[in-house]
Amino acid sequence: MSSSPATLAPPASGGTRPRTRSRRARRSRDVWLGILGVLIVLVGAEILSRTGIVNPAFLPPVTEMYASLFQMLGEGWFWENLWLTVRGWAIGLAAAMALGIVVGFIIGSVPFLRAFTNSTIEFLRPIPSVALIPLVVLLFGTKPASAFLLVLYAAFWPVLVQVLYGVADVDPVARDTARSYQFGPLRIARSVIYPTALPYIMTAFRLAAAVALILEITAELVIGVPGLGKQIGIAQSSANVPETYALVIVVGLIGVAVNLMARFVERKALWWHSSVRGEHS
Amino acid sequence: MTTLLKRAFMLLGLPIILVAAWWFASAGSTSPFWPPLSTILEAFPTTWTMDRIVGDVFPSLARLGIGFALAVLVGIVAGTAIGLSPTLRALAEPVLEFFRAVPPPVLVPIIALFAGYTGWLGKIVTIALGCLWPILLNTVEGVRGLEPVLGDTAKSYQLSRWRRLLFVVLPGASPRIFTGARQALSIGVILMVISELFGANRGLGAAIVQFQRSFAIPQMWTGIILLGLIGVLLAAIFKVVENRMLAWYVGQRQIERGV
């Protein structure tokens, strides 16, 4: 009899508690599984190399790659080249975003321009930016301007297309309302078009950030523009295999960082977007 | 009639203006880097002869086709397996995130270590590996994002595992798979070109760079134009295939938007 309150009490709160606990357990299980997956790949590669199943001249042990990586971290040239790569990426991306957003807003807000430029955009967009490599080499050689033009061309199109989608997505009622309140074109752009287009701009940012990194590294590797990509080429041609891998790992981690950052920025914007929508409806 | 004219004007107006602008702006050009458009067009047929097309362009496109097809095959199979199993997904996610983030061109020096870069193998592997990640990850997302009701319905109708896979899971994931394949195709074209830039090589990309190195500038321009046309053509073919295979999806989206 005295035990009945004790047995009765748990179900009252227990209905929710085990569920949250199991969700948290699942999430922590996923984290551990993810770490396990990374370990499997690292240890697997180490074993493949140590046992000679894969020629260590092609795939050095992972421990050697990381030894080389940590050695690089203490050297000035590494940080200098890292900075050059990140700077080239950031400048190219910023220019592509600025140009894409401005051009997109202008073309997108004028129906005639939109229809008139459509075929040209559809034609220019799929032209591979690497087709421009010979041209930029002639014009700028190995100067950073070569990489800049390639990055700009490659990253501009996804931005432009997303902004055009975004501007086309504007609610006509909202636009008409703004007009009937005698908002000027600039104010309409700022308070009606911009909020609608913002999620699209964030998508554009995510796509363009990844493309820009690919082209920056390509320009460094293929043309010889200073940066980590060029160092990869140097390490490979001087048969320094662990360093080649170490640099590839670094470039991959930059890519991961770029993706995470873009997703973080995007999630902020989307959260804002949906919260505004939620309040109004 | 007037609407037809108007449509033709909208479609062709700007391209004609741009080409004309290029034509006249470059007409008297003596700059070695910007030859007159007329010179470039004259150089086109003599540059891209049958011999060159068979010896350079076709092999490049064949490598792209083989690499892309391999990536689609492996990407869909592995992506479906990972997407269907939460454990496998948790296990593979961080590793996949890393491989996706590696800019594909750095694969070139790595693969050069293994296979060398004069033969087809290294190039095909480069293209296939570069194309794989967008297809794989989008397949995973597509399979994971399937509506649970669909799976439950298929189960309650006692569809076998294979039928469920073939008629429910894959069609349901196909819009995402196509998104991945489209990204992969443009990466594939990039890799097709730059995989030919290392070592002595033949191929479309190799030919263009040889023109540039030997300062055959009009020929180089014809190569850039040809490469651009190929990019446009591949995108157009992809769109046709996508519209055909995803016709149900496009229709469904239109209905959803209409309502």
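Helices here are DSSP runs of H or I spanning at least four residues, numbered from the N terminus. The structure is a predicted model. In chain B, helix α5 is followed by Gly116(B), a residue with a positive phi, near 70°. Between chain B and chain A, about 4,400 Å² of area is buried, and the largest nonpolar core holds 111 residues.

**Annotated regions of chain A**

- An unreviewed UniProt entry lists "transmembrane region" at residues 31–49, 89–111, 123–141, 147–170 and 245–265 of chain A.
- For residues 31–49 of chain A, the model gives 100% helix and 0% strand, with the end C-alpha atoms 27 Å apart.
- For residues 147–170 of chain A, the content is 92% helix and 0% strand, and 35 Å separates the end C-alpha atoms.
- The feature "domain: ABC transmembrane type-1" is placed by UniProt, again in an unreviewed entry, at residues 82–266 of chain A.
- That stretch, residues 82–266 of chain A, is 86% helix and 0% strand in the model, and its end C-alpha atoms lie 25 Å apart.

**Interface of chain B and chain A**

- Chain B brings 49 residues to the contact and chain A brings 52 residues.
- Carbon and sulfur atoms give 83% of the area buried between the two chains.
- The interface has 2 salt bridges under the rule applied.
- Arg263(A) is paired with Glu97(B) in a salt bridge, where the closest N and O atoms are 3.2 Å apart.
- Polar contact joins 2 residue pairs between chain B and chain A, counted with both residues at pLDDT 80 or more.
- On the side of chain B that touches chain A, at least two residues each come from α1 (2–26), α4 (86–101), α5 (107–115), α8 (161–194), α9 (204–213) and α10 (217–245) of chain B.
- Of that side of chain B, α10(B) supplies the largest share, 11 residues.

**Nonpolar cores**

- Within the largest nonpolar core, the members that touch the most other members are Leu93(A), Leu150(A), Leu228(A), Val250(A), Leu204(B) and Met220(B).
- Helix α9 (residues 185–223) of chain A provides the largest share of this core, 17 residues.
- A second, separate core has 7 residues, among them Ile107(A), Ile121(A), Trp157(A) and Leu164(A).
- Beyond its neighbours within four places in sequence, Leu228(A) is in contact with Phe78(A), Asn81(A), Leu82(A), Thr85(A), Glu220(A), Leu247(A), Val250(A), Val251(A) and Ile254(A).

**Helix α5 of chain B**

- α5(B) is mostly covered, with 7 of its 9 residues buried.
- The buried residues of α5(B) are Leu107(B), Val108(B), Pro109(B), Ile110(B), Ile111(B), Ala112(B) and Leu113(B).

**Two individual residues**

- Gln212(B) is located in helix α9 of chain B.
- Gln212(B) has a relative accessible area of 10% and therefore counts as buried, the cut-off being under 20%.
- Sequence neighbours within four places aside, the contacts of Gln212(B) are Pro134(A), Val137(A), Leu138(A) and Met220(B).
- Val161(A) sits in helix α7 (residues 144–168) of chain A.
- Val161(A) is likewise classed as buried because its relative accessible area is 8%, against the cut-off of under 20%.
- With neighbours within four places in sequence left aside, Val161(A) is in contact with Ile121(A) and Arg125(A).
- Val161(A) and Leu150(A) are 11 residues apart along the chain, and their C-alpha atoms are separated by 18 Å.

Terms used:
Residues numbered from 1 in each chain as written. Chains lettered and ligands numbered in written order. Predicted model: local features only at pLDDT ≥ 70, side-chain atom pairs only at ≥ 80, totals over all residues. Heavy atoms only, no water. Core = buried A, V, L, I, M, F, W, Y, C linked by side-chain atoms within 4.5 Å. Buried < 20%, exposed > 50% of the residue type's maximum accessible area, 1.4 Å probe, protein only. Contact = heavy atoms within 4.5 Å. UniProt positions renumbered as here; feature names shortened; annotations may be inferred. Buried area = accessible area lost by both parts, 1.4 Å probe. Salt bridge = Lys/Arg side-chain N within 4 Å of Asp/Glu carboxyl O. Polar contact = N/O pair within 3.5 Å; in protein donor to acceptor, adjacent residues only side chain to side chain.
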